[in-house]
Amino acid sequence: MDIRHLQYFLEVARHKSFTKAAQSLFITQPTISKTIKSLEEELGVHLLDRIGKQVELTDAGIAIERQAQVIVKSFQNLSSELSDLMNLKRGHIRIGLPPMIGASFFPQVIGEFHKAYPEITLQLFEDGAKKVEVDVASGALDIGVVVWPTGEDVFEYFPFVEDKLNVLVHPEHRLAGRTRITLNELADDSFVLFQENFALHDRIIEECVRCGFQPKVVYESSQWDMIAEMVAAKLGVALLPDTMCRELDPKRVRVLQLQDSVIPWNLAMIWRKDRYLSFAAREWIAFTQQLLRGKRGRS
């Protein structure tokens, strides 16, 4: 058995699929199947059951998964420390960015970082903040950007944006002539929200419920500009961060402030407290912290 056997096994366990695990590792499915079979023969236990198109862990597989995670993490930490000791100014960082956050705040940062560290590669994963948080916690990502606060016992973090949500309505909406409204005035409206893997999806619904009504959600999207377009098409009302609202055409949508319910949109970069950070990851954190610090409070 070598570390590769355990890495392949953990990837299959994470994806519950030989095909997806092979794609993630950039190897062929027969290769990963042969490796898992070799591991099972060496250990003398059956680790995985195929159920339809999915793969499930056996009891022995669950036990091996727990220990394998510890072993692989220790190996990764050792490799990273040795790389740093050799002073190799290169590396690879896996970063999770929710789509609207990445587009609004990071193109310039990524460009400047590449100029400073051309030998460090960045692999960007665009997903909702909830999924980014889960993947940073599991080790699938090194660093992520999320809507804060969340998981302070698990993550180190630095905040870089403090913002709030505004309401978007069509110019012909009954409340379009106002500048400030209460959230419960929208109780009878249809809502356009972010998809469920976005932190704002739950936060908006929770605030509506706190104000006394369950919002009627008619459309969901992962793109903030698509949400604004749906409001412009009279498909419903929406709530977006003030940062995004500044880019909208007031002839097509009206932006109204909330006077009774402040729904914060605070962003932070996170990484696990108990995970060794490579030279590349530490440099990315320090670099982005310096560049993004000025945005905090101005967004």
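Eleven helices and twelve strands make up this chain, with helices (DSSP H or I, at least four residues) and strands (E, at least two) numbered from the N terminus. Before going further, note that this is a predicted model, where local features need pLDDT of at least 70, side-chain atom pairs count only at pLDDT 80 or more, and totals for chains, interfaces and linings use all residues. Residues are numbered from 1 along each chain as its sequence is written, and side-chain values use heavy atoms, with hydrogens and water left out.

**The whole chain**

Here are some overall values.

| Property | Value |
|---|---|
| Box filled by the C-alpha atoms, along the principal axes | roughly 70 × 50 × 30 Å |
| Buried share of the 299 residues | 45% |

Buried here means under 20% relative accessible area, exposed means over 50%, and partly exposed is in between (1.4 Å probe, protein chains only).

**The largest pocket**

The largest pocket has a volume of about 1,500 Å³. A pocket is an open set of points on a 1 Å grid over the protein atoms alone, where a 1.4 Å probe fits, with protein on both sides within 12 Å along at least five of seven lines; lining residues have an atom within 4 Å of a point. The volume is the space filled by probe spheres set on those points, which are joined across faces, edges and corners.

The lining counts 48 residues, and Gln76, Arg94, Gly139, Ala140 and Arg275 lie nearest the centre. Among the elements giving two or more residues are helix H1 (3–15), helix H4 (59–85) and strand E3 (91–97). H4 supplies the largest share, eleven residues. By type, the lining splits into 17 nonpolar, 16 polar and 15 charged.

Phe18, Ala21 and Ala22 of H2 are buried. Down the axis of H2, the buried residues fall within an arc of 100 degrees, so they line one face of the helix; the arc is that of the directions from the helix axis to the C-beta atoms. Their cover includes H1, H3, strand E1 (48–51) and strand E2 (54–57).

H3 (residues 29–43) holds Glu41, which counts as exposed because its relative accessibility is 57%.

Conventions
Nonpolar A, V, L, I, M, F, W, Y, C, P; charged D, E, K, R; others polar. Contact = heavy atoms within 4.5 Å.
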